[in-house]
Amino acid sequence: MTRLARREFDAVVVGGGLAGLAAAQRLAAHGRSVALVEKCGRLGGSSAMSGGWFALSGTALQRRAGVEDSDERFLADMVESGGGVADPALLRALVEGQAGAIAAIDRADAWTGELKVSAGMTRARAHLIRIDALLAHLQHEAVSAGAVLLPGLAAGGLVTEGARVVGVSSERGDLIGSSGVVLATGGFSRSRELIELFVPGQAAAMPYGGVGNTGDGLRMAWRLGAGLADIGHVAATYGQHPETTDDEHELLTANYLGAILVNERGERFADESASYKVLGSAVLGQPGGTAFQVFDSVVRARSRPGVPLSDMERLEELGHLVSAPTIRDLARELGVPAERLARTVAEYNESVAGRRDDAFGRLGLVNGTGSLVPVASAPFFAYAAVSAMTSTYGGLSVAPDGSVKRVDGSRIDGLYAAGEVVGGFHGASYMTGTALTKALVFGARVADAIAHG
Ligand SMILES: Cc1cc2nc3c(=O)[nH]c(=O)nc-3n(C[C@H](O)[C@H](O)[C@H](O)COP(=O)(O)OP(=O)(O)OC[C@H]3O[C@@H](n4cnc5c(N)ncnc54)[C@H](O)[C@@H]3O)c2cc1C
């Protein structure tokens, strides 16, 4: 393997997903020399595979749609959805950093105009962004400003001088980042060992996300005594078809459009408006680890082609949506007891009509918002789905400027982290879109800290 011609930079970024590209772009824009190493042959990581939903408040799109939202409301929803466990200082930094993220999306011309309420939100705050356009534009800006991108090169470890981190080791020699090293290595969804270590109850979830996301950044920082946050709360996302490949995720949340969830016995088992992380854990406990999203033609008509999580046309094209003229026929197609499913649907419809309390306390479509609809208009549909470990939202302890903290709270000099490798933002659960927002905001934020440091 040839050694690198140039090995000394102001900063080195490890990982070429959204957080890493945002950091490299911003460092280069500050006039700092920067190298980014990416262990896979292509940049993108989980970011490139993602749905592209960003949680943002106070946007022009919200104003045009008449959505009354505010940074304070966003903050309060994150505190609430995280069960009060997340670090308020980090959440405030996230909210305050939105302007830079919005500017980056503007520059990339990556808005789609799609806006909705999703898990953990009390307002329509999930903005669909053309993630491919955003990643490509950040990459273009980074390279144009002089950043050196090195796909196909893994960082093997951190290089230190005394207690300070000054670079990373690689097969092609050490790369020195004299002002700082940014860990943007994503999560550990592809490491069975780490999933079993931290969240053994989630080990049956389908491994998903970037194939390079094996927790390398966590391990590198641990060796220097880094602390961890939220890691025991990591949970799989419910809604992925069991035959999904790495090429295209098949996440559907028809429950947020009005579907019910039933297990292989034809029984409901949860409030379907809960976060898909809460449902992820609930579904892991069901027979076969599977739940069917069952709905009627009214909900089917709410499908949004091309919109991740709501695109039923695409799943139908893939042959993964089942339909039948009656609920009993649907049950037979699914191999679910027909009488039981018919009774489950009848009981649910009674509660939607207000004639009985819902068995699981469901009051809305998603997170308490939206009006329930009965499962009543033929034809009927079902989508079989499992829980997938798409992202691991706990990780390294960081200060609000993104510098990595030791277990005792002191900072590790020269070491920063951004994106999914970081914990402290999501607490016990997860609001849709906060992983991508966190990656974009904190990628830039660590770059600012290094440039001004
Ligand atoms: C199917 C799916 C859908 C999702 N949808 C959404 C959504 O709509 N909204 C949302 O907010 N979140 C979503 N997420 C989660 C979100 O995509 C991630 O949390 C986010 O993209 C993480 O960004 P990142 O830059 O931290 O990591 P990544 O984009 O995963 O990038 C990390 C990179 O680091 C590289 N790397 C790892 N170790 C090394 C090493 N030793 N040396 C060099 N490189 C290394 C990896 O190969 C990878 O390319 C989704 C995830 C998936 C899988």
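Where is Asp109 found? Let's start there, everyone: Asp109 sits in the loop between helix 6 (98-108) and strand 4.

Before going on, a word about what we are looking at. This is a predicted model, so local features need pLDDT of at least 70 and side-chain atom pairs count only at pLDDT 80 or more, while totals for chains, interfaces and linings use all residues. Residues are numbered from 1 along each chain as its sequence is written, and side-chain values use heavy atoms, with hydrogens and water left out.

Back to Asp109. Its phi is positive, about 50°, although Asp109 is not a glycine. Asp109 is also exposed, with a relative accessible area of 55%. For these labels, buried is under 20% relative accessible area, exposed is over 50%, and partly exposed is in between, with a 1.4 Å probe and protein chains only.

Asn367 also has a positive phi of about 50° and is not a glycine. Asn367 lies in the loop between helix 14 and strand 16, and at a relative accessible area of 33% Asn367 is partly exposed. Pro379 is in the loop between helix 14 and strand 16 too, and the peptide bond leading from Ala378 to Pro379 is cis, with omega near -5°. Why point these out? Because most residues other than glycine have a negative phi, and most peptide bonds are trans.

Now to helix 14 itself, residues 338-352. Its 15 residues reach 21 Å from first C-alpha to last, close to the 21 Å expected at 1.5 Å a residue; the expected span is 1.5 Å times one less than the number of residues. Buried residues in helix 14 include Leu341, Val345 and Tyr348. The buried residues of helix 14 pack against strand 13 (260-262) and helix 13 (327-334). After helix 14 comes Gly354, with a positive phi near 80°.

Helix 15 (residues 434-452) is next. Its 19 residues should span 27 Å at 1.5 Å a residue, and the end C-alpha atoms are 26 Å apart, which agrees. Is helix 15 largely enclosed or open? It is largely enclosed by the rest of the structure, because 16 of its 19 residues are buried.

Let's turn to a buried loop residue. Arg125 is in the loop between strand 4 (111-116) and strand 5 (126-129), and at 0% relative accessibility Arg125 counts as buried. What does Arg125 touch, leaving aside its neighbours within four places in sequence? Its contacts (heavy atoms within 4.5 Å) include Asp69, Asp77, Phe54, Phe74 and Met431.

A cavity here is a set of points, on a 1 Å grid over the protein atoms alone, where a 1.4 Å probe fits but cannot get out; a pocket is an open set with protein on both sides within 12 Å along at least five of seven lines; and lining residues have an atom within 4 Å of a point. Grid points are joined across faces, edges and corners, and a volume is the space filled by probe spheres set on the points.

The structure holds one cavity of 30 Å³ or more. The largest cavity has a volume of about 40 Å³, and Met431 is among its lining residues, along with Met78, Phe425 and His426. That lining divides into four nonpolar, five polar and no charged residues. In this count, Ala, Val, Leu, Ile, Met, Phe, Trp, Tyr, Cys and Pro are nonpolar, Asp, Glu, Lys and Arg are charged, and the others, Gly among them, are polar.

How much space lies in the second largest pocket? About 330 Å³. Its lining has 23 residues, with Glu248, His249, Gly306, Val307 and Pro308 nearest the centre. They divide into 11 nonpolar, six polar and six charged. Helix 2 (45-49), strand 5, helix 7 (131-144) and helix 12 (312-317) each supply at least two residues of this lining.

Last, the record. An unreviewed UniProt entry annotates residues 10-435 as "domain: FAD-dependent oxidoreductase 2 FAD-binding". UniProt positions are in the numbering used here, feature names are shortened, and annotations may be inferred rather than shown by experiment. In the model, the end C-alpha atoms of residues 10-435 lie 27 Å apart, and the span is 29% helix and 22% strand.

Note on methods
Helices (H or I, at least four residues) and strands (E, at least two) are DSSP runs, numbered from the N terminus.
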